[in-house]
Structure formats: C-alpha cells, structure tokens
Amino acid sequence: MKRKQNLKINNTFSIKADVTLYLGDRLDLIEQIKQCGDKAELIITSPPYNTGKEYEEQTSLEEYIKAQSQTISACVDILSETGSICWQVGHYIKGSSRNKEAFPLDLVLYPIFKENGLILKNRVVWHFGHGLHETVRFSGRHETILWFVRSENYTFNLDPIRIPQKYPGKRSYRGDKIGKPSGNPSGKNPSDVWDIPNVKANHIEKTEHPCQFPVGMINRLVLGLTNEGDLVFDPYIGVGTSAVSAVLNNRRAAGADIMQKYLDIAEERIRKAWEGTLKIRPMNKPVYKPSGRESVSQIPKEWKE
Ligand SMILES: C[S@@+](CC[C@H](N)C(=O)[O-])C[C@H]1O[C@@H](n2cnc3c(N)ncnc32)[C@H](O)[C@@H]1O
C-alpha cells in the first residue's frame, strides 16, 4: 500500500481518518462507528480489571461483568464477518494479604463471548518477568489473551508473524522429503505461549500509564489478524498502543479513553510512530538472559557470611 503524506487524526469517528482518538465512553465511540457503517477487522483491548486504578471505580464483580458484557456485545455489532476480537486480561483480586481471592477474568468473561456467538481460536498465555513479589501466594507472572472470531472465514496471516526455529538445521528422516530441511525457511508458528517483557520501569516504551501493552505483542496480532487498510478498534485505548501498531503497519485505528492525559500521550506516540521516531522493542526480540557475570547476578557477600 502506498504511504499517504499526512496522518489524519480525528477526535470523532470518520471512515476517512487514519486514527480516531475519542475522549469519552467506549459505547459512544462504538455508536459513531455503527452510524458510519464501518466494521473493525480487529478489536483488541485490555479493559480495566476492577482493581481500583486511577481510571476506574471499583465495583462488585457482578457490576463489572455487566459493564464488560455491554462492551463486548456492542463490539460484536461492529465486527466484520472475517474479523477477530482479542481480549487481554489478568485477574480481578478481591481482598488483601492472606484474604486475597483471585478471579481469572478470562474464565469470568468467556461465557459472554459465547453468548454473543463467537468462536474461540486460542487462549494465548502471555508470560512476563516483572510484577508484585507476593509472600503468601505465588507471584503472578502471566496474563492471557482470548482470541475469538465471528466465522470460520476469519483472516489469519501466519507468514508475517513467524518466529525463528530453535533448530533450523533439522532434516526429515523419512517420507518423500527424507534428508531435506524439515522446517519452514520463513520460521515457525509463534505458538500460544508468548514470552514478552511487560512495560515496567526500564522498558523503552514506558509512559506514565500503569499498564500499557508492549507494541511488539500487538504487532503480532495486527499483522496476523488484519490486512492493510483494515480498521483496528480498541474500546479502552489508554496511551494508544493498538493505534501505534495499526499506524506502523498501514492499518486504520480508532479507540476511546475517558482520560485526556492518556489520549495526549497516545497522540504523541502515534505521530512519532508515523514519523519513524518512536522507540519500540522489536516484535521478536528474545528476552534478555543475564550472562551471570553482571554485578547484580552475584550472590551478595552478606548472604555468604
Ligand atoms: C488497561 S488500560 C488500557 C491500556 C492500553 N492497552 C495501552 O496500551 O495503553 C484501560 C484503559 O481504559 C480506560 N477506560 C476506563 N473506563 C473507560 C470507559 N468507560 N470508556 C473508555 N475507556 C475507559 C482507562 O482510562 C484506561 O486507560
């Protein structure tokens, strides 16, 4: 696709905009998209988890599920026939210390997607290295992405998201291809377990948002589940990571957030992505493994005494 000269960012939805960043409730933006008759090829989001962050009011689990149900049904109304919905969630934690009870949000929300007639393709496990150090339960180091489609005629492009094989030199030992390399020269399927650093303190993509997506993770979904020119929609867009990925890959994007300060950062990131100046961790960069020689890898002398 030929790259346009200028990037058009709107604050209300228009089919002609490259990006829409709407300040307000996600249902209002979905209504605007519906009125324009556009459809999203990919709806990707990480909703609030009802944990009382600065952008959400903590409510009962029942109320939370009701609000999520409204969002999901409205999203299905603007999903294309070949489209996908990816819902990235962790746990809602009730209580504190020993009284903590964990509710895995993918389990809680799965029935809502089924009631809306969607088909689950994968439950991707996102494993990462940083988080709270718990003392009376295991420290949480994974979240999940539920990937649903509307029909079996869904878009899936494996080639742009292949990853290097562990043993590219492997050869077939029987059959027609005996003695020939057995893998695909373009790499292998990235599987449904993704080891991608989460965006915490030292990550090059870190902004002031407490829980932003890593761009590389969203690139995998945008490249795999959409084609150029398609619309990528995020009902809870935060600092705009899904739109950054859309712009980097010549897709259109739209998203809502109730916090102006996040949308300001989103706009700046999207413009930088368009100009090629946004710092991004590459999609398939392996997780850093310490060599063992760094000072922080050494056992402190006090522990040896
Ligand atoms: C988990 S964060 C999403 C972060 C995003 N994935 C990113 O990479 O920046 C959830 C976002 O939902 C926004 N939000 C909360 N209630 C909303 C609503 N009713 N409509 C739209 N956005 C909302 C919050 O302000 C917050 O930025």
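Predicted model: local features only at pLDDT ≥ 70, side-chain atom pairs only at ≥ 80, totals over all residues.
**Notebook: two helix pairs**

I started with α1 (residues 26-36) and α2 (residues 61-77): their axes come within 10 Å and cross at roughly 15 degrees. Axes here are lines fitted to C-alpha atoms, for helices over the stretch in contact, with angles from 0 to 180 degrees between N-to-C directions.

Residues are numbered from 1 along each chain as its sequence is written.

Next I looked up who touches whom: Arg26, Leu27, Ile30 and Lys34 of α1 meet Gln70, Thr71, Ala74, Cys75 and Asp77 of α2 (contact is C-beta atoms, placed from the backbone, within 7 Å).

Then burial in α1: I found Arg26, Leu29, Ile30 and Ile33 buried (20 or more other C-beta atoms within 10 Å of the residue's own, C-beta atoms being placed from the backbone). They sit on the same side of α1, because they cover an arc of only 100 degrees around the axis. The buried residues of α1 pack against β2 (19-23), α2, β10 (231-234) and β11 (252-257). Just after α1, I noted Gly37 with a positive phi of about 75 degrees.

Last, I checked α4 (residues 215-225) and α5 (residues 241-248), whose axes come within 9 Å and cross at roughly 55 degrees. That makes α4 oblique to α5. Val215, Ile218, Asn219 and Val222 are the α4 side of the contact, and α5 brings residues including Thr241, Val244 and Leu248.

Notes: Helix = DSSP H or I, 4+ residues; strand = E, 2+ residues; numbered from the N terminus. Contact = placed C-beta atoms within 7 Å. Buried ≥ 20, exposed ≤ 12 C-beta atoms within 10 Å, placed from the backbone. Arc of directions from axis to C-beta. Parallel < 35°, antiparallel > 145°, perpendicular 65-115°, else oblique.
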